[in-house]
Amino acid sequence: VEGNVRTSDEVIRREFRLVEGDAFNASKLRRSKQRIDNLDFFENVTMEQVPGSEPDKTAINVGVEEKSTGSLSLGFGFSTTDGPLFDVGLSERNLMGEGNDLTLHGVLSGRSSRLNLKYTEPYFLDRDISAGFDLFHSASDNQDTSSFSTKQTGGVLRANYPFTEELRQSWSYTIKKVRIEDVSTSASQLVQDAAGNELVSMLTHGETY
């Protein structure tokens, strides 16, 4: 493997459907290149077959060209419901060259605020299991439209793993505290009854092709 200045060899090798000593398989080699391309860490990926140490052996040289995997986004705007708003996002899809994904996103406006932190490790415990967590907090002042304010704070634990080469199964567990406060006396009885704290616990399952 050549050209990976920042990304570790292991991040590339673990995407291979072939390992040293396997019988050569052209379709698995094509699939390996596709998986490396899908990482979106490299500007260009090339694979070259060269003679091996014996007449019946071949070696595979992989050449990659690194590209930027981090991003910073800033946004300003105006919403008819939330007023002026400021949006900032910071992400790195190949953290420390180990293929881990870290994202921080925040929105601040006249009537609401949101903050999200996401971290994903694509090969948790050196297995083909993508695992990570989210932390979030949001607050919204709906006094003008709904006669109450809300706050939500919580987190998510998630993991997904391959069922087949092209089908992945995912699980996530969410726990969050929801608070409804500043309820107006003119609010409906349903809203008044919902005032206070509520703990939400949720398990989610999905299939991705």
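Predicted model: local features only at pLDDT ≥ 70, side-chain atom pairs only at ≥ 80, totals over all residues.
## A strand pairing and its surroundings

In strand S4, the residue that bridges to Phe76 is Phe86.

The bridge between Phe76 and Phe86 belongs to the pairing of strand S3, residues 70–79, with strand S4, residues 83–95, which are joined by ten bridges in the antiparallel sense. The chain passes from S3 to S4 by way of a hairpin of three residues. On the next pairing, S4 runs antiparallel to strand S5, residues 100–109, with nine bridges between them, and here Val88 has Gly106 of S5 as its bridge partner.

| Strands | Sense | Bridges |
|---|---|---|
| S3 (residues 70–79) and S4 (residues 83–95) | antiparallel | ten bridges |
| S4 and S5 (residues 100–109) | antiparallel | nine bridges |

Within strand S5 lies Asn100. Is Asn100 buried or exposed? Its relative accessible area is 12%, and because a residue counts as buried when this value is under 20%, Asn100 is buried. When neighbours within four places in sequence are left aside, Asn100 is in contact with Glu92, Arg93, Asn94 and Leu95, and also with Tyr119, Thr120, Glu121 and Pro122.

Turning to the whole protein, the secondary structure comprises four helices and ten strands, and from the N terminus on the order of these elements is α-α-β-β-β-β-β-β-β-α-β-β-α-β. The protein is more spread out than a compact globule, because its radius of gyration is 24 Å, well over the 17 Å given by the globule rule for 209 residues. Along the principal axes, the C-alpha trace spans about 85 × 35 × 25 Å.

Of the 209 residues in the protein, 29% are buried. Where contacts between residues at least 6 apart in sequence are considered, 42% of them join residues that are at least 24 apart. The accessible surface of the protein comes to about 13400 Å², and carbon and sulfur atoms account for 55% of that area. As for charge, the protein carries 22 positive and 32 negative side chains, with the centres of the two sets lying 3 Å apart.

Definitions and conventions:
Residues numbered from 1 in each chain as written. Heavy atoms only, no water. Helix = DSSP H or I, 4+ residues; strand = E, 2+ residues; numbered from the N terminus. Rg over C-alpha atoms; globule rule 2.2 N^0.38 Å. Buried < 20%, exposed > 50% of the residue type's maximum accessible area, 1.4 Å probe, protein only. Contact = heavy atoms within 4.5 Å. Areas by Shrake-Rupley, 256 points an atom, 1.4 Å probe, with all protein chains shown as cover. Lys, Arg positive; Asp, Glu negative; His and termini not counted. Charge placed at Lys NZ, Arg CZ, Asp CG, Glu CD. Pairing = 2+ DSSP bridges.
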